[in-house]
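Take a look at the protein model below. Keep it in view while you read.

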Amino acid sequence: MTDPAHDAETLRERALTTLTTARARTTLLTSCVEDPDLTAQHSPLMSPLVWDLAHIGNQEEQWLLRAVAGREAMRPEIDGLYDAFEHPRAERPSLPLLPPPEARHYAAEVRGRVLDLLESTAFHGTRLTEAGFAFGMIAQHEQQHDETMLITHQLRKGPQALHAPDPKPAPLLTGPSEVLVPGGPFTMGTSTEPWALDNERPAHVREVPSFHIDTTPVTNAAYQAFIEDGGYDDERWWTPEGWAHIRQHSIHAPLFWRRDGRQWLRRRFGVTEVVPPDEPVLHVCWYEADAYARWAGRRLPTEAEWEKAARHDPAGDRSMRYPWGDADPAPEHANLGQRHLRPAPAGSYPEGESPLGVRQLIGDVWEWTASDFLPYPGFQAFPYKEYSEVFFGPDYKVLRGGSFAVDAVACRGTFRNWDHPIRRQIFSGFRTARSAGDA
Ligand code: AVJ
Ligand code: FE
């Protein structure tokens, strides 16, 4: 039915567009500050920006030029420097990294060869080339690091270097604050999405009992009510690990927040502003999200609940690619891709809502779920164990849905992110849920 030549051209164009979009963002994030700010370490949690830049180029070289095209290493001596497992982030500034001009040159050199390769690659034959997977994987990898670099920019002290228009005010939300997702089986994960990564596979059926889930992410105003009610001083709301953690580190509010008399201020990309009440709360760790939910008489959704809320179409009784259907994300659906440098107010993006009326599942803030990062039944590591497999287990919690900082190519209804439950420099927020039947 479909014309394979046409399909190949469509894939080639999609690969070219997504790689080019990613590089434009990388270039901006690594040129909006002076070179000393690229080699400095702005937080022990993060790499110097110039590490991300050369690592992006090095992964692209390894997977596209070497694995797909069978070429020799361009600079074999640098591979170790840019291997994330050889050197923890805190150590990276003391490595003999390529200086900014060389890092730029290397990444550009790799990209030039990749664009030539793209012209001649057949999009079938091996699992790596099937439907252009390796090109899509590398575009996603670069966009993931563009989000990482934006986190580094947020942690950086100093004046504003990045600018973007604010999202529009939200339309008035008149509906209920939670929706009921009816119980029953649904298909979680995917076996058909061509650029889905290994941990999203394979598609499998899950039984999910009825539950209620918040219509929007939890807002700053709602979170402030938890703070004002003494939430951070009341052990009842916290897991033992969470309580120990916030005591030990004197955590009393989301990261980047500061109290100023009766109001809260926050620093955002070099600018201090009053915390906007109607925006989804950002920069909370899993322990804070979990404690808020308990305080509210609720809980975090499980990962399966989150995905069912985001993908299940009760009318068609099937799983869709996104809450709004199967169409790729467009600006009216979701706040993605660093178009804005903040989440949009709760209730935004009515065109992106799910059939049951849940909003902002995709974009705005990564949403903590109750679940540990575990493989799906039938999981197979591909193309390398260090993408997902080495992280499976109880040390990492799953986040879903993507933030304003991640591009659409690295965000889907099935996409899984994960981090330690103490992390809050990431663009993380949450929404809450409750089992149906619980009052
Ligand atoms: C999926 C966001 C947890 O940044 O550690 C980048 C993505 N993997 N390079 C990370 C990733 C390898 C990964 N996360
Ligand atoms: Fe990486």
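The model is predicted: local features need pLDDT of at least 70, side-chain atom pairs count only at pLDDT 80 or more, and totals for chains, interfaces and linings use all residues. Residues are numbered from 1 along each chain as its sequence is written, and chains are lettered from A and ligands numbered from 1 in the order in which they are written.

**Two domains**

The protein chain is assigned two parts, listed here. Their bounds come from an automatic or database domain assignment.

| Domain | Residues |
|---|---|
| Domain 1 | 4–155 |
| Domain 2 | 167–439 |

The centres of the two domains, taken over C-alpha atoms, are 27 Å apart. In domain 1, 23 residues contact 15 residues of domain 2. A contact means C-beta atoms, placed from the backbone, within 7 Å. On the domain 1 side, α5 (133–155) supplies the largest share, 13 residues. Helices here are DSSP runs (H or I, at least four residues), numbered from the N terminus.

**The core**

The largest nonpolar core holds 89 residues. Such a core is a set of buried Ala, Val, Leu, Ile, Met, Phe, Trp, Tyr and Cys residues joined through C-beta atoms within 7 Å. Buried means 20 or more other C-beta atoms within 10 Å of a residue's own; exposed means 12 or fewer; partly exposed is in between; C-beta atoms are placed from the backbone. Val50, Ala54, Ala134 and Ala289 have the most contacts inside the core. Helix α3 (residues 49–68) gives the most to it, nine residues.

**Helices α3 and α4**

Helix α3 packs against α4 (residues 100–120) at about 25°, with axes 9 Å apart. Axes are lines fitted to C-alpha atoms, for helices over the stretch in contact, and angles run from 0 to 180 degrees between N-to-C directions. The pair is therefore roughly parallel (angles under 35 degrees). Among the α3 residues that meet α4 are Val50, Ala54 and Leu64. Val50 touches Pro100 and Ala103, among others.

**A loop residue**

Pro99 sits in the loop between α3 and α4. Is Pro99 buried or partly exposed? Pro99 is partly exposed, because 14 other C-beta atoms lie within 10 Å. Pro99 and Ala54 are 45 residues apart in sequence, and 9.4 Å apart in space, C-alpha to C-alpha.

**A buried helix**

Eight of the nine residues of α9 (residues 303–311) are buried, so α9 is largely enclosed by the rest of the structure. Trp306 and Arg311 are among the buried ones.

Conventions
Helix = DSSP H or I, 4+ residues; strand = E, 2+ residues; numbered from the N terminus. Contact = placed C-beta atoms within 7 Å. Parallel < 35°, antiparallel > 145°, perpendicular 65-115°, else oblique. Lists of a residue's contacts leave out its neighbours within four places in sequence.
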